[in-house]
Amino acid sequence: MNTNAKNANNRKAEETLSKEEANLWKTLQEELNSPLPVTGNDETNTSSDSGMHPLITFGLVAAFVAHGAIMFSLPPVLQGKGAPFLPTSAKGIGVMFRELKKLPQIVKKIQQKKEIRFLDLGSGDGRVVFRAAREGYFYKSIGYEINPVLHAVACLRGITPKYVHNTKFKMQDLWSVDLTKADVVAVYGLYPIMDKLGKKMKSELRPGSIVVSNVFTIPGWKPLSGSSSDKVHFYSIPESIIPSRNTSRSSETDNNTYE
């Protein structure tokens, strides 16, 4: 009896020990299979975060580009020579090109298959220029931008086969741009520069040229009837130019140059 009881107790102890060993082994396996914590000094574990690396890099680059775009746009504003980076909204761009195709001057040139040149003064990242290129009826779409960061972004986007032949970007002050060959000029400038810019366009643009101004109107100019919608204003040379009352003789001379 005593021998049998002793053997039974030994077997029970072995079974209990086996269960404890099994649990211990299971715990050790879980520990071994779990990822090791990553520390700043552990170069062997940097690959464990490799999945987030591209996202972090992209975010840093995007933040740098945005910061640079804003910083480089400030000097012209402070000097009264330009406007900060104010990207035209998708809605504004849609209105612009929808209404352009309705204007008699543009319709006539399309029907006659004439070359139509599109200029964007302060083209930013190139979104308006690229949309003009996609419209298909502009011979050339050119953007002028003084901000080197935005100019670089637009140029990189413009090297794709879709745009490389009918778009062009130049890093140039809008005041030095030659407007004499432009058929359509788009601008998104602040109010303080619009009067001076209006005088430049009046003296350089050819009769029949169209000016599209986003948000801000041009002092002394009258938008085409029924063309201003969603803060997009359309003007035509010379119909939109209101003669000055104080300089009637000078106005007559100016009007004759357009006839």
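Biologist: How many helices and strands does the protein chain have?

Modeller: In this predicted model, residues are numbered from 1 along each chain as its sequence is written, and local features need pLDDT of at least 70, side-chain atom pairs count only at pLDDT 80 or more, while totals for chains, interfaces and linings use all residues. Side-chain values use heavy atoms, with hydrogens and water left out. Taking helices as DSSP runs of H or I of at least four residues and strands as runs of E of at least two, numbered from the N terminus, the protein chain has 8 helices and 6 strands.

Biologist: In what order do the 6 strands form the open sheet?

Modeller: Two strands pair if DSSP finds at least two bridges between them. The pairing in this open sheet is mixed, and the order is β3-β2-β1-β4-β5-β6.

Biologist: Which strands stand at the edges, each with a single partner strand?

Modeller: An edge strand here has a single partner, so one side of it is left without a neighbour in the sheet. The strands in that position are β3 (167–170) and β6 (232–236).

Biologist: In what sense do β4 and β5 pair, parallel or antiparallel?

Modeller: Strand β4 covers residues 184–187 and strand β5 covers residues 210–214, with 4 bridges between them. Val 184 stands opposite Ile 210 in β5, and the sense of the pairing is parallel.

Biologist: Which strands does helix α7 touch as it packs on the sheet?

Modeller: Contact means heavy atoms within 4.5 Å, and axes are lines fitted to C-alpha atoms, for helices over the stretch in contact, with angles from 0 to 180 degrees between N-to-C directions. The direction of helix α7 (residues 191–204) makes about 170° with that of β4. The strands it touches are β1 (117–121), β4 and β5.

Biologist: Which residues does Leu 197 touch?

Modeller: Residues up to four places away in sequence are not counted here. The residues touched by Leu 197 are Leu 121, Leu 174, Trp 175 and Val 187.
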